[in-house]
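Please look through the sequence and the model below, and keep both in view while reading the report that follows.

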Amino acid sequence: MLGDSILFTGNPYHTGAINNTSALDLTRTYFVELVDTLGCRSIRTPSAVVIRPALDIPLVNPLASTICSGDSVLLTATSLLGTAAHFNWYDELAGGTVLFQGDSFNTGALYQSTIFYVELADTAGCKSIRTPSAVVVNPNLDQPTLKADNSTICVGSTTTIAATSIASTKYNWYLSPTGGTPVFVGDTYLTPPLLDTTTYYVEGVNTVGCKSMRTSIDISIRADDSLKAPFPRVKSSTNNSITIVWDMVRLARTYEVSTDNGKTWTDPSSGANGLSHTYTRKAKDGDMIIFLVRAKTDSVCIDQSGAT
């Protein structure tokens, strides 16, 4: 082509940004000539540049999301271009390394807020403007603090456990360190009657559903609840007295006796630590006396008694 204005003098020549707002390919041809110091010119050589249409900016779902620390989110990109293009995912607005290629991107576990970007790229290497998707990560919740009214109880008894923390608005109670179904939801839990030592696990939950790690607490059963009942027996009897004896009971500290079916209890005649009791009263024909003996311990649990 002859004439026209000179676009550039030198080598190489950078065209600068060329836009194509149509839906079709455009071709722009550039010509270069060689000029010597005398002003003589060569024949011009053409260079055709094919300008592809601009790619659609991808649509992302969700554009913004909020998750708990350690959770992931699935981001999905769509475009009108169909199978002639693919999606590249980044964590930078420009440049950077491709994190994933495809239409559905699983972020993996996230522990800090991150903005991800997706671009559409066609087979010719053309790329769209990147679309952002912001993921806000809520920080970890503090583990609950647990306090029991009594952490050691008698067999068959109950206790109350209270849970507190800074950011939790509710508490889930479990019998396992992971998984399982809550046995109670709330901040103060009254246990059922316990027959064995039991461990409870509690997690805190905030207003957006994020959960803390679980805190455990053991509720123990007193070992001395195995206190056996004494076995009283008659050692001797006369018209005026009856003496009963019993064997020492393991873990027992003292003993008490009753002759009115448990309405009143007194120390044995041999002393609180004694193993015998003499009952003095003139007997009549047909009299029947029931002796109750119970062993006592330092435990607050129920003492055991026996009869003869």
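## A sheet built around β9

In this predicted model, strand β6 (residues 85-90) is joined to β9 by six bridges, and the two strands run antiparallel. Within this pairing, Trp-89 stands opposite Val-118 in β9. Strand β9 itself covers residues 114-122 and is mostly covered, since eight of its nine residues are buried. Strand β10 (residues 131-138) is also paired with β9, through five bridges and in an antiparallel arrangement, and here Val-118 stands opposite Thr-131 in β10.

Strand β10 is in turn joined to β4 by five bridges, but these two strands run parallel, with Ile-67 standing opposite Val-137 in β10. The pairings described so far can be set side by side:

| Strand pair | Bridges | Direction |
|---|---|---|
| β6 and β9 | six bridges | antiparallel |
| β9 and β10 | five bridges | antiparallel |
| β4 and β10 | five bridges | parallel |

Taken as a whole, the open sheet has five strands in the order β4-β10-β9-β6-β7, and its pairing is mixed. Because β4 (64-68) and β7 (100-101) stand at the edges and each has a single partner strand, one side of each is left without a neighbour in the sheet. Strands of a sheet pair through backbone hydrogen bonds, either parallel or antiparallel.

Turning to the whole protein chain, there are 24 strands and zero helices, and 32% of the 308 residues are buried. Among contacts between residues at least 6 apart in sequence, 57% join residues at least 24 apart. The accessible surface of the chain comes to about 19,400 Å², and 54% of this belongs to carbon and sulfur atoms.

Note on methods. Residues numbered from 1 in each chain as written. Predicted model: local features only at pLDDT ≥ 70, side-chain atom pairs only at ≥ 80, totals over all residues. Heavy atoms only, no water. Buried < 20%, exposed > 50% of the residue type's maximum accessible area, 1.4 Å probe, protein only. Helix = DSSP H or I, 4+ residues; strand = E, 2+ residues; numbered from the N terminus. Pairing = 2+ DSSP bridges. Contact = heavy atoms within 4.5 Å. Areas by Shrake-Rupley, 256 points an atom, 1.4 Å probe, with all protein chains shown as cover.
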